[in-house]
Amino acid sequence: MAKKLRTRKHKVVLSRSRGGDVGITIMLVLLGIFMFLPMYYVVIQSLKPLDELWMFPPRFWVARPSFKNFKDLFTLMSGNMVPFSRYIFNTVFTAVAGTFGNLFISSLAAYAMAKIKFPGGRGMFSLVRTSLMFHQTVTAVCCFILMSAFNMIDTYWAIIVPAWATSLGLYLMKQFMETNVTDAVLESARLDGASELRTFWIIAMPMVKPAWLTLIIYSFQDLWNKGASIYIHSEQLKSLNYAIQQITAGGIKRAGASAAATVVMMMVPILVFVISQSNIIETMGSSGMKD
């Protein structure tokens, strides 16, 4: 006798017991709470007055919540010789310009490597894979020499241009294009008279939307959290993260402002991630699959 398949909302689901479903749900809830706990604790710390901040053992609630830490933070920021708005502009400008430049260049290169046959393509992609093993700290000296040669030291370009050349974005987009963009669809567009650039922009890019949204998240988060840079010397060009680190390095008396600064810095990346989380999960689930 054939085994009856389990369905939910007229869709076939995995053939495991209901007890297994309950066990998996409980495990996921516990893991979710465990992963959410650090973010909750950071927010709670930012709302504590100084006497509660140094209580031991630490408490996961606030007896007398207050926004004084945030007021102290912005008071300290307004006392700098560079306006607070300038640090915000520097961070937003470099993050946006670096992110979209990385997206455009990585997508074009990935499309060429995945869907256009040319001599040396496999060897070039092998170099890209190899470069993933090297941390940016290892290549800092080489980058500094190149930046000096092109007169980019102490300019916005010193932050933006290296962000355009990250190999992770190229690797992610190439793998996703190989899986999700079929040759038959591209060939149909070419037979209809579409140029290669038009085929890339109108056909390929919409088909890999989860991948480039994921790339936007990773690139933006990296640039948003960038602190001190060996390429930037002028105070008026430095990032918000660097300014906050300098202000909150004043020791115990600035512990409250430091907690508030941590919340301020993590709000924007978390908000962007929450908006695009479904596309990120889809990318991670599909980028390694083959037809």
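Here are some questions and answers on this predicted model.

Visitor: To get my bearings, how many helices and strands does the protein have?
Guide: Start with the chain itself: of its 291 residues, 36% count as buried. Among contacts between residues at least 6 apart in sequence, 70% join residues at least 24 apart. As for secondary structure, the protein comes to 13 helices and two strands.

Visitor: Let's look at helices α4 and α11. At about what angle do they pack?
Guide: Two packed helices are described by the angle between their axes and the distance between the axes. Here α4 covers residues 84–115 and α11 covers residues 209–224, and their axes lie 9 Å apart. The crossing is right-handed. The packing angle of α4 and α11 is about 145°.

Visitor: And how many charged residues take part in the contact of α4 with α11?
Guide: On the α4 side, the residues include Thr91, Ala95, Gly98, Phe100 and Leu103, and on the α11 side they include Trp212, Ile216, Phe220 and Trp224. The residues of this contact divide into 10 nonpolar and seven polar, and the number of charged ones is none: no charged.

Visitor: On to helix α10. How far apart are its end C-alpha atoms?
Guide: The helix has 12 residues, 196–207. At 1.5 Å a residue, they should span 16 Å. The model agrees with that, since the end C-alpha atoms of α10 are separated by 16 Å.

Visitor: How wide an arc do the buried residues of α10 cover around the axis?
Guide: The buried residues are Thr199, Phe200, Ala204 and Met205. They sit on the same side of α10, because the arc they cover around the axis is only 150°.

Visitor: Which exposed residues are on the face of α10 turned away from the buried side?
Guide: First, the buried side: its residues pack against α4, α8, α9 and α11. The face turned away from that side carries the exposed residues Arg198 and Trp201.

Visitor: Is Leu186 buried or exposed, going by its relative accessible area?
Guide: Leu186 is in helix α9. Leaving aside neighbours within four places in sequence, Leu186 is in contact with Tyr111, Lys115, Val181, Thr199 and Ile203. The C-alpha atoms of Leu186 and Thr199 are separated by 6.7 Å, though the two are 13 residues apart along the chain. With a relative accessible area of 0%, Leu186 is buried.

Visitor: How many of the residues of helix α12 are buried?
Guide: This helix runs over residues 240–247. Its buried residues are Leu240, Asn241, Tyr242, Ala243, Ile244 and Ile247. So α12 is largely enclosed by the rest of the structure, and the count of buried residues is six of the eight.

Visitor: In the loop between α6 and α7, what is the phi of Asn151?
Guide: Asn151 is found in that loop, and it is exposed because its relative accessible area is 65%, over the 50% mark. Asn151 is not a glycine, yet its phi is positive, at about 55°.

Visitor: What about Asp154: buried, partly exposed or exposed?
Guide: Asp154 is found in the loop between α6 and α7 too. Although Asp154 is not a glycine, its phi is positive, at about 65°. Its relative accessible area is 22%, so Asp154 is partly exposed.

Visitor: Last one: how far apart are the C-alpha atoms of Ser258 and Ser46?
Guide: Ser258 is in helix α13, residues 255–286, and is partly exposed, with a relative accessible area of 26%. Along the chain, Ser258 and Ser46 are 212 residues apart, but the separation of their C-alpha atoms is 8.1 Å.

Notes
Residues are numbered from 1 along each chain as its sequence is written. This is a predicted model: local features need pLDDT of at least 70, side-chain atom pairs count only at pLDDT 80 or more; totals for chains, interfaces and linings use all residues. Side-chain values use heavy atoms; hydrogens and water are left out. Axes are lines fitted to C-alpha atoms, for helices over the stretch in contact, and angles run from 0 to 180 degrees between N-to-C directions. Helices (H or I, at least four residues) and strands (E, at least two) are DSSP runs, numbered from the N terminus. A crossing is left-handed if the near helix is turned anticlockwise from the far one by less than a right angle, and right-handed if clockwise. Contact means heavy atoms within 4.5 Å. Ala, Val, Leu, Ile, Met, Phe, Trp, Tyr, Cys and Pro count as nonpolar, Asp, Glu, Lys and Arg as charged, and the others, Gly among them, as polar. The expected span of a helix is 1.5 Å times one less than its number of residues. Buried means under 20% relative accessible area, exposed over 50%, partly exposed in between (1.4 Å probe, protein chains only). The arc is that of the directions from the helix axis to the C-beta atoms.
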